[in-house]
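Have a look at the structure first, and then we can go through it together.

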Amino acid sequence: MSSGSCGSAMVPKTIKHSAPKLELYLFPSNELEEVVGLEVVENRDSMESKPLLLKLPIEVFLKIIEYVLDSYKYSHPYYYSALLSLRRVSKRWAEAMDDASKLWTKVPLDSREELVEMALKNSKGRPLNIAGRRVTSSNAARVEAEAHRWRTLELDGHGRFGNSITLLSRSAPLLEILDVTGWPSSGSTIPLFNYAVPSIRVIKIRRCQLPWGSPNISNLQELRLHELKVPSTTEILDILHRSPHLTHLHLSFCMIGLSPSSSALRVTLPRLQSLDFEEVDLKVLNQLLRSIEVPHDTSCYFQVGLGYSDLEEQLAHISERIGSLGLFHQTEPSILSLKAKDGKDPGSWDVFGRTNAVLRYFAPGTYDYFTILADAPPEMHIDILNLLASRLRLSSQSWTPALRLKNMFHAPHIDKTITLLATLSQALLSVCTITFVDTTDCVERTTDILQQLFPPDSGTTRLFPHLTELTIQAESYDPWVNSLAALGTDQDESGGISHFPLDTLRFREGAIRRESVELLQGLVPSLLLDDVEVQ
């Protein structure tokens, strides 16, 4: 056989089975008859003449309708388009759906007035989810009268707030979620918090201003601010201090002033799950990181502008955070993944004396990896990761993570990658498993990399002395096979062992020649090929 797929000896390619699912197709009423044999009429009294779908018990029917409409839950116009199409199938369906108040709790402000009135009527006192962009004065008046049962309010001011601005000044005792997008140049301050919103838990604001000193901005669980001008870090920290149960804090593209007095402030957020600072000034980010105490397993995303010098000073507080993560992970099995953005297109980088560094840490449960990602030019990203990896020396040597390196094998910077491996070996001496991902660009330096892991000279200190499993992912494995074969021969001639000090060598994806497989089987006890084409 000329080709095949091999994994753990010879394993066929994985066959993926799709999970069973229910698909219901919705059509305008004039097409419905042709597709499923339904005639859209006002009254159907004879059960014998009805298709099976129309004979379902109402309780079952409504569950199906809820399931179908759930796929449109983030788009009110499509939701109601689907709801009204189903409602026109028969009088029996229409009556059942009109009586199901749960189906009518979404109120589309920018829909026709009859639909808004129908939704308010059929929702029968349930809490409401209000959303819209362009609001007529009559719709605004109708919805404003129901402010006592708003649960969520989502307003998009791209078409300017207009009539909807009156909605933002209402008392809303049940309001839990406020999501407002302002006009880019308006700088409007939201007046809502001049009134009572005791149940507010989630605030998402883009391109408008909050009344920062309002005590109503308290007890939040989620705060997301985008393209806002904030007077100083003190305003942010005051909100956090009044929201000790916060779970998500995201600040992106915000202009935040520095406050000397903020340096002495300390806020503890014991339930924080995600902490995102995107395009926030580095000095502001460092001040906030100094002032906020969060759990070790909080997922972090930091995107900041960096200069090309003094990385250690610029990343001081971020690297402290990374060091504390190492302390947390020493108590549990994990994978430490150091990842760089694919830098094959140098034209995509900023050449004006700065770059964006994206440092992302994924907590357990969100991804399978403890991941630190650097999104920076190739000449910088390894320096960034090397600095951060050096802080992992704070962790105990009892921590034995698997190690995963991605996009760090660009030929001009292999020497930096080797330095990074040395740093990681000192910080994480007990690592047993290493994975190299995306190694296509280092074909001429594979021997240099392998010699650090398996030095041919017995007097040379070996990196990761406890390494027992090496995984390599590439498009073609010829360079790796040639290097492994050469090193294996060198070891034989120098009187060393006849195979590598590995239990397992694994190749993942790509293609390999059959004669290479036979050669490698003589070098390592266990050769595994995962989704690799054998040619």
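Q: At what angle do helix α5 and helix α6 pack, and how are they oriented to each other?
A: In this predicted model, α5 covers residues 113-122 and α6 covers residues 137-144, with axes 10 Å apart. Their packing angle is about 5°. Angles under 35 degrees count as roughly parallel, so α5 and α6 are roughly parallel to each other.

Q: Which residues of α6 meet α5, and how does the contact divide by class?
A: On the α5 side, the residues are E113, V116, E117 and L120. Their partners in α6 are S138, N139, R142 and V143. By class, the contact of α5 with α6 has three nonpolar, two polar and three charged residues.

Q: Is R149 buried or exposed?
A: R149 sits in the loop between α6 and β4. Its relative accessible area is 6%. Buried means under 20%, so R149 is buried.

Q: Which residue has a side chain joined to that of R149 by a polar contact of 2.8 Å?
A: Leaving aside neighbours within four places in sequence, R149 is in contact with residues including L120, R126 and L174. The polar contact of 2.8 Å links the side chain of R149 to that of E146.

Q: What is the handedness of the crossing of α7 and α8?
A: Helix α7 (residues 233-241) and helix α8 (residues 282-291) pack at about 30°, with axes 11 Å apart. That angle makes α7 roughly parallel to α8. The crossing of α7 and α8 is right-handed.

How values were computed:
Residues are numbered from 1 along each chain as its sequence is written. This is a predicted model: local features need pLDDT of at least 70, side-chain atom pairs count only at pLDDT 80 or more; totals for chains, interfaces and linings use all residues. Side-chain values use heavy atoms; hydrogens and water are left out. Axes are lines fitted to C-alpha atoms, for helices over the stretch in contact, and angles run from 0 to 180 degrees between N-to-C directions. Helices (H or I, at least four residues) and strands (E, at least two) are DSSP runs, numbered from the N terminus. Angles under 35 degrees count as roughly parallel, over 145 as roughly antiparallel, 65 to 115 as roughly perpendicular and the rest as oblique. A crossing is left-handed if the near helix is turned anticlockwise from the far one by less than a right angle, and right-handed if clockwise. Contact means heavy atoms within 4.5 Å. Ala, Val, Leu, Ile, Met, Phe, Trp, Tyr, Cys and Pro count as nonpolar, Asp, Glu, Lys and Arg as charged, and the others, Gly among them, as polar. Buried means under 20% relative accessible area, exposed over 50%, partly exposed in between (1.4 Å probe, protein chains only). A polar contact is a pair of N or O atoms within 3.5 Å; within protein, one must be able to donate a hydrogen and the other to accept it, and residues adjacent in sequence count only if both atoms are side-chain atoms.
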